[in-house]
Amino acid sequence: MKCSKCSNEMVEGSVHIGGGVRTLFTGGINLGNLTFKAPQWKEHIVQETSDVWPAHYCDNCGAVTIETARRGLSTLES
Ligand SMILES: [Zn+2]
């Protein structure tokens, strides 16, 4: 997969939130969510702590493409 910013070949992998494998020690801690925000839209949760998504990383410019489950955006008015 080519990077949409710089056209470099991206590295295939996955993304998750946290420091590694969940254990009894980290299982009870909320590490937070990755959220996306645009001016006219409500905050959109891209990734919850427990989610693991397929992703591509560009080692040239640092861009990351994450393939998430579609949850849909909602506007501030709705
Ligand atoms: Zn790039």
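Strands β4 and β5 (residues 64-66) pair in the antiparallel sense over three bridges, where pairing means that DSSP finds at least two bridges between two strands. Welcome to this predicted model, in which local features need pLDDT of at least 70, side-chain atom pairs count only at pLDDT 80 or more, and totals for chains, interfaces and linings use all residues. Residues are numbered from 1 along each chain as its sequence is written.

**The chain overall**

- The chain has zero helices and five strands; helices (H or I, at least four residues) and strands (E, at least two) are DSSP runs, numbered from the N terminus.
- Going along the sequence, the pattern reads β-β-β-β-β.
- Of the 78 residues in the chain, 5% are buried. A residue is called buried if 20 or more other C-beta atoms lie within 10 Å of its own, exposed if 12 or fewer, and partly exposed in between, with C-beta atoms placed from the backbone.
- Among contacts between residues at least 6 apart in sequence, 54% join residues at least 24 apart. Two residues are in contact if their C-beta atoms, placed from the backbone, lie within 7 Å.

**The sheet**

- Three strands form an open sheet with antiparallel pairing, in the order β1-β4-β5.
- Its edge strands are β1 and β5, each of which pairs on one side only.
- From one strand to the next, the twist averages 35°; axes are lines fitted to C-alpha atoms, for helices over the stretch in contact, and angles run from 0 to 180 degrees between N-to-C directions.
- As background, side chains in a regular strand alternate between the two faces of the sheet.

**Strand β1 and its partner**

- Strand β1 (residues 11-16) runs antiparallel to strand β4 (residues 52-57), and six bridges join them.
- Across this pairing, V11 stands opposite Y57 in β4, and E12 stands opposite H56 in β4.

**The β4-β5 hairpin**

- The hairpin of β4 and β5 has six residues between the strands, and G62 takes a positive phi near 90° there.
- A55 has I66 in β5 as its bridge partner.

**Before β1: K2 and S7**

- Both K2 and S7 have their place in the segment before β1.
- S7 has a positive phi of about 70°, although S7 is not a glycine. For comparison, most residues other than glycine have a negative phi.
- S7 counts as exposed because it has 11 C-beta neighbours inside 10 Å.
- K2 is exposed too, because 11 other C-beta atoms lie within 10 Å.
- Leaving aside residues up to four places away in sequence, K2 touches S7, E9 and M10.
- K2 and C58 are 56 residues apart along the chain, and their C-alpha atoms are separated by 8.4 Å.
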